[in-house]
Amino acid sequence: MSKSKKILVTGVAGFLGSHLAEKLSQLNHKVVGIDNMSGGYEDNVPKNVEFFNFDCCNLEKMKEAMKGVEIVYHCAATAHEGLSVFSPFEITKNNYLASVSVFTAAVSNKVKRIIFCSSMARYGDQNTPFTEDMKPKPVDPYAISKVASENVLINLCELNNIEWVIAVPHNIIGPRQKYNDPFRNVVSIMINRMLQKKAPIIYGDGEQKRCFSYIDDCLTCLIPMLDQKNLNKQVINIGPDEEFVTINKVSEICSNITGSNLKPIYKKDRPREVKYASCSADKARKLLNYKTKTDLKTGITKTFNYIKERGVRPFDYNINLEIKNELTPETWLKKEF
Ligand SMILES: NC(=O)c1ccc[n+]([C@@H]2O[C@H](COP(=O)([O-])OP(=O)(O)OC[C@H]3O[C@@H](n4cnc5c(N)ncnc54)[C@H](O)[C@@H]3O)[C@@H](O)[C@H]2O)c1
């Protein structure tokens with residue numbers, strides 16, 4: 001086990017950030033967590049974390065919170081890829097500008113290493129499975145903001161001799177994921193609707209394909225990133241590449257698990273949605289000894305148990321649509337969820 005360190009985690013009230021912070025504090029690290037509560041749930045913040053509620057774009061506060069910090073995990077984001085086409089300003093601010101602020105504060109504090117949670121969106125519409133040596137080809141504002149953040153991270157770290165790692169997660173599921181957000185998290189949305197006796201909503205023909213990652217399988221990759229030497233300056237996909245499934249199949253699995261027998265409602269394709277997206281886990285297998293431990297059905301069942309226990313919730317349209325036109329999904333325009 002590595003020596004106890006002071007670690008800062010952004011997005012600590014969010015899904016990934018809260019699990020990561022919890023695991024790090026279980027490993028006896030001292031964890032400082034930042035979140036502005038624009039997403040996530042307040043009770044996600046783990047108990048042993050020193051929590052600050054402010055916006056990562058606040059550079060002065062970021063610098064203050066960085067004091068004595070050795071390692072930074074930057075997980076905060078408005079991780080809404082589909083919505084970014086219609087709310088590019090808000091999403092770019094929380095992804096790009098917030099990242100630049102976090103990296104600036106970290107660099108000025110001379111931290112040892114920064115780990116940035118990017119996204120599979122960086123690859124765009126290339127042949128699957130995506131490998132880390134592919135040139136990023138972002139196709140929407142969310143992906144562009146992730147790639148731009150990666151570039152600034154590398155640029156600042158190289159100049160200032162700070163270690164960096166770029167983790168590339170994709171379609172994570174599990175407890176603590178926001179399930180009343182109408183703009184993202186397909187599995188959680190479907191379960192929240194099915195438990196309310198509402199049919200799942202699918203964009204397009206449902207034949208788009210994804211691999212889903214159970215949260216613990218991502219965590220086992222993220223933890224060694226804090227100090228494993230050979231991970232410095234690496235971009236690494238994290239999560240499984242075994243079960244590449246259609247959204248129709250995901251809907252069927254959710255339906256079987258929840259006991260709902262409602263036929264999906266099909267809506268127009270969402271603009272810029274990539275049809276086939278999956279990441280190769282070969283590099284993670286090689287560098288992190290990665291092995292998928294939770295299969296899709298088990299992951300969905302655990303997500304279902306969490307939502308069922310916490311109780312269904314009405315959907316919360318808490319992000320404004322900045323562009324409303326004939327391309328905007330009516331599910332969002334008319335608040336149909
Ligand atoms: N969940 C996935 O499937 C997935 C896939 C690929 C990449 N990622 C990336 O992993 C990271 C974590 O994703 P998640 O699913 O846990 O998202 P999440 O929405 O659950 O958590 C993100 C947290 O960041 C906070 N936040 C947003 N903007 C902020 C700001 N300006 N200042 C402070 N806090 C801010 C939100 O309040 C939220 O609690 C993100 O960077 C996301 O882009 C996630």
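**Ligand shell.** I began with the ligand and found that α1 gives the largest share of the shell around it, three residues. My numbering of helices (H or I, at least four residues) and strands (E, at least two) follows DSSP runs, counted from the N terminus. I noted that α1, β2 (30-35) and α4 (88-108) each supply at least two residues of this shell. Which residues come nearest to the ligand? Of the 31 residues around the ligand, I wrote down Gly11, Gly14, Gly40, Ala77 and Ala79. Here a residue is near a molecule if its C-beta atom, placed from the backbone, lies within 6 Å of it. By class, I sorted the shell into 16 nonpolar, twelve polar and three charged residues. In this sorting, Ala, Val, Leu, Ile, Met, Phe, Trp, Tyr, Cys and Pro count as nonpolar, Asp, Glu, Lys and Arg as charged, and the others, Gly among them, as polar.

**Notes on the model.** I am working with a predicted model, where local features need pLDDT of at least 70, side-chain atom pairs count only at pLDDT 80 or more, and totals for chains, interfaces and linings use all residues. Residues are numbered from 1 along each chain as its sequence is written.

**Whole chain.** I counted eleven helices and 14 strands in the chain. The C-alpha trace spans about 55 × 40 × 40 Å along its principal axes.

**Two domains.** I found domain 1 at 6-172 + 213-237 and domain 2 at 173-211 + 241-277 + 291-318. These bounds come from an automatic or database domain assignment. The C-alpha centres of the two domains lie 24 Å apart. Their contact takes 26 residues from domain 1 and 21 residues from domain 2; two residues are in contact if their C-beta atoms, placed from the backbone, lie within 7 Å. On the side of domain 1 that touches domain 2, α1 (15-26), α3 (81-84) and α7 (215-222) each supply at least two residues. That side has eleven nonpolar, eleven polar and four charged residues.

**Core.** Buried residues make up 48% of the chain. A residue is buried if 20 or more other C-beta atoms lie within 10 Å of its own, exposed if 12 or fewer, and partly exposed in between, with C-beta atoms placed from the backbone. Which residues have the most contacts inside the largest nonpolar core? I found Val72, Ile114 and Ala167, in a core of 97 residues. A nonpolar core is a set of buried Ala, Val, Leu, Ile, Met, Phe, Trp, Tyr and Cys residues joined through C-beta atoms within 7 Å. Both domain 1 and domain 2 give this core at least three residues each.

**Two single residues.** Is Tyr123 buried or exposed? Tyr123 is buried, because 28 other C-beta atoms lie within 10 Å. I located Tyr123 in the loop between β5 (113-117) and α5 (141-160). Leaving out residues up to four places away in sequence, Tyr123 touches Phe130, Met134, Pro136 and Lys137. Asp282 sits in helix α9 (residues 282-288). I noted Asp282 as partly exposed, because it has 14 C-beta neighbours inside 10 Å. Asp282 and Glu132 are 150 residues apart in sequence, with their C-alpha atoms 9.6 Å apart in space.
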